[in-house]
Amino acid sequence: MTLTDAGYRQRRQHLVAQLHTTGHLTSPTVAGAFASVARHPFAPAVYDVNSHGQVGDVLHATRPEHQDAYLAAVYGDEAIVTQIAEDGRPTSSSTQPGVMAVMLEALDLQPGMTVLEIGTGTGYNAALLAHLLGDEAVTSVDIDPHLVTTATTALHHAGYRPTVVAADGLAGYPARAPYDRLIATCSVRRVPAAWLRQVKPGGLVLANLSYGVVPLRVDDTGAGHGRFLPQVAAFIEADPPTGRSDRPWPTWCHRAWVAPAPHHPATTAMSRCSATRAVSSGGGLPSRASTTAPCSPTAKWSTASSTPTPTPGHGSTPRARLSPSRKAGPAGSGTR
């Protein structure tokens, strides 16, 4: 089966309708970006993932026998693995569209703003940003030069020309700072001080800490503070400049997922995939029970560590506050 442009457009429209139905997409502007930007040019080959979350064979867009499975993966609300290391560890993926929609809406992008993306990956999210703000307003960095090259090529073929640079994302990208918004499509243990320094006062840093996504409003002192989003999401952890995190990679893992409010994350089913950090009791990662803490009304994030600290009382989503004087944690640079 070979799809025409109209066929691909129909796939995009179906994806937008699905994201509306699940409640992950509410902004007409962001919906327009998803309806306009094709996903398949940024992932011409993806890894099949079985029901146990194990990475299998590669699905190629150009092979007729793969087309049904390939299109279902690329235009479903699923994260897709696009690159793995020699040990089978996923090192790049295209984030689940539901997660992308929630995060893009949380950025509250307005005309004239500039944005720095930490983790170019396939380039699909950079294309969405460029569609929303224009090429000149978007800067994207990734530590993997190969990913930068392939993403830049895909972006150009799709008609987008944002600034894409191979760089250590934990350092941000000061050459084009300051930015109105910063979005990290990788997981970090602590928000790097460089990110806060490179965002204008009143701007937002949107980061993934463990299994919580938090928009941090930067104040006049350069500190960032905000509350975790009610949804839960997880990403591949940022690699250090040496090329891989010092945290062991577990034997199984789940994709980035979104648990829509008002359901509690503990009662929300998780999709399967090796695209993101595992939910496991081993390998130095938090247990499944602890993954609900960032969005629990009785939890408060400790900026001195990478784990949420339960506190008594009830309220809305927990607040996080980070000072630009704090140093980054032991691992990471902007990737994926």
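Visitor: What share of the contacts in the protein with a separation of 6 or more is made by residues 24 or more positions apart?
Guide: Such residues account for 62% of those contacts, a contact being heavy atoms within 4.5 Å. This is a predicted model, in which local features need pLDDT of at least 70 and side-chain atom pairs count only at pLDDT 80 or more, while totals for chains, interfaces and linings use all residues. Residues are numbered from 1 along each chain as its sequence is written, and side-chain values use heavy atoms, with hydrogens and water left out.

Visitor: How many helices and strands does the protein have?
Guide: There are seven helices and 14 strands.

Visitor: Why is Gly224 called buried?
Guide: The word means under 20% relative accessible area, with exposed over 50% and partly exposed in between (1.4 Å probe, protein chains only). Gly224 has a value of 0%, so it is buried. This glycine lies in strand β11, residues 224-227. Its C-alpha atom is separated by 9.4 Å from that of Gly202, 22 residues apart along the chain.

Visitor: Why does His66 count as buried?
Guide: Its relative accessible area is 14%, and the cut-off is under 20%, so His66 is buried. His66 sits in the loop between β2 (55-60) and α3 (67-74). Apart from neighbours within four places in sequence, His66 is in contact with Val58, Leu59 and His60. In the protein as a whole, 57% of the 336 residues count as buried.

Visitor: What makes Ser187 buried, and what does its side chain touch?
Guide: Ser187 has a relative accessible area of 7%, which is under 20% and therefore buried. Its side chain makes a polar contact with the side chain of Asn208 at 3.5 Å. A polar contact is a pair of N or O atoms within 3.5 Å; within protein, one must be able to donate a hydrogen and the other to accept it, and residues adjacent in sequence count only if both atoms are side-chain atoms.

Visitor: Why are the buried residues of α2 said to lie on the same side?
Guide: In helix α2 (residues 28-36), Val30, Ala31, Ala33 and Phe34 are buried. They cover an arc of only 155° around the axis, so they lie on the same side of α2. The arc is that of the directions from the helix axis to the C-beta atoms. The buried residues of α2 pack against α1 (5-22), α4 (97-107) and α5 (124-133). The face turned away carries the exposed residues Pro28 and Thr29.

Visitor: Which elements make a right-handed β-α-β unit?
Guide: They are β6, helix α6 (residues 145-157) and β7. Right-handed means that, with the strands pointing away from the viewer, the path from the first strand over the helix to the second runs clockwise. Strands β6 (residues 138-142) and β7 (residues 163-166) pair in the parallel sense over four bridges, with Thr139 opposite Thr163 in β7.

Technical notes:
Two strands pair if DSSP finds at least two bridges between them. Helices (H or I, at least four residues) and strands (E, at least two) are DSSP runs, numbered from the N terminus.
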